[in-house]
Amino acid sequence: MNVPLLEVVGLTKVYRLPRPSWFAPHAARRAVDGVSLTILPGRSFGVVGESGSGKSTLARAVMALEQPTAGKVRLDGHSLFDLSSRALRAARAEMQMIFQDPYGSLDPRQRVGRIVAEPLINLAHVTRVQRAARVLESLRAVGLIATDADKYPHEFSGGQRQRIAIARALVTRPKLVVADEPVSALDVSIQAQVLNLMSDLQREAGVTFFLISHDLAVVGHLCDDVAVMFRGRFVETGPAAALFKAPKHPYTRELIDAAPKLEEAPILAVDAPPGEEASGGCAYAARCRFAQARCRETAPDLRPLGDGRSVACHFPL
């Protein structure tokens, strides 16, 4: 259990921005900037932050859907971006993804049974009989019934569609499920149902989740460990209970104050220009009421506090 399931080491992703004019050079935007994390089997990990902080880019890189500019992603000790295309295809059976939109992520022309079976068809070598049994098992695991396999996505509510998406993610029996904002498109009452389902799957089926969200309450409901992300960097990491109870970074404190309830997602404006994070100081200094001269001159490193937590702040709370 001490062998990491997922390791991300120094992950960086830089995008080239459009030219402001014909002869101007391309500007660069660091969506993810030197992020590292470790997830142990059975211990789910959440990444929280406002829109534009780099969470979804990190999730796509973890799934090997996005080629990083630098850094490594290891699943069970194997570097995903060093694998051959055939080996990477085989590794995808061990990691599946739940997307944000339950309406757009399911093919409306396919029956539910075919949708759920798709990962098995593409990634696993199973017989037709085994595939049908695994689809039925997966549907039952998320609270659906056998006859639902013959229906189309439009015959289900938003919450039921997300259950179908979860069933599709579970059908290969993966070790890791990456969930990118899995409940943000759902009504609050349905959010609770889906989160409880994911919690049950984690406890009973041993599923390890890598959860991306803008809402600390959602992450706290499901995850053992949390990382708070701002401008492509982790500014605070640690056990969820300790981090939420006594945040050490001012940005974490701001998120908690902005989202005291599950249904109130934080909507925080980022007024700084795209290139400000490369100025050398702390990217959060312009918004931080505790910022001092050192904060504007030197970017803080993510350093351990000695209680299982780390914080990137010169003057932690």
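Helix α5 passes α6 in a right-handed crossing. This is a predicted model, so read what follows as a description of that model.

**The α5/α6 pair**

Two packed helices are described by the angle between their axes and the distance between the axes. Here, the axes of α5 (residues 158-170) and α6 come within 10 Å and cross at roughly 20 degrees. Angles under 35 degrees count as roughly parallel, and α5 and α6 are therefore roughly parallel to each other.

Who touches whom? On the α5 side, the contact involves Gly159, Gln162, Arg163, Ile166 and Leu170. Across from them, α6 brings Ile190, Gln193, Val194, Leu197, Met198 and Leu201. Sort the residues of this contact by type and you get seven nonpolar, three polar and one charged.

**Salt bridges**

Side chains of opposite charge can pair when their charged atoms come close.

| Pair | N to O distance |
|---|---|
| Aspartate 200 and arginine 203 | 2.6 Å |
| Aspartate 257 and arginine 253 | 3.2 Å |
| Arginine 287 and glutamate 254 | 3.1 Å |

Let's stay with α6 for a moment. Aspartate 200 and arginine 203 both sit in this helix (residues 188-205), three residues apart, or about one turn. How exposed is each partner? Aspartate 200 is partly exposed, at a relative accessible area of 29%, while arginine 203 is exposed, at 55%.

Next up is helix α9 (residues 250-258), where aspartate 257 and arginine 253 are four residues apart and so separated by about one helical turn. Arginine 253 counts as partly exposed, with 29% relative accessibility.

Buried would mean under 20%.

Finally, there's a group to look at as well as the pairs: Lys13, Arg60 and Glu66 are linked in a network of salt bridges.

Terms used:
Residues are numbered from 1 along each chain as its sequence is written. This is a predicted model: local features need pLDDT of at least 70, side-chain atom pairs count only at pLDDT 80 or more; totals for chains, interfaces and linings use all residues. Side-chain values use heavy atoms; hydrogens and water are left out. A salt bridge is a side-chain nitrogen of Lys or Arg within 4 Å of a carboxyl oxygen of Asp or Glu. Helices (H or I, at least four residues) and strands (E, at least two) are DSSP runs, numbered from the N terminus. Buried means under 20% relative accessible area, exposed over 50%, partly exposed in between (1.4 Å probe, protein chains only). Axes are lines fitted to C-alpha atoms, for helices over the stretch in contact, and angles run from 0 to 180 degrees between N-to-C directions. Angles under 35 degrees count as roughly parallel, over 145 as roughly antiparallel, 65 to 115 as roughly perpendicular and the rest as oblique. A crossing is left-handed if the near helix is turned anticlockwise from the far one by less than a right angle, and right-handed if clockwise. Contact means heavy atoms within 4.5 Å. Ala, Val, Leu, Ile, Met, Phe, Trp, Tyr, Cys and Pro count as nonpolar, Asp, Glu, Lys and Arg as charged, and the others, Gly among them, as polar.
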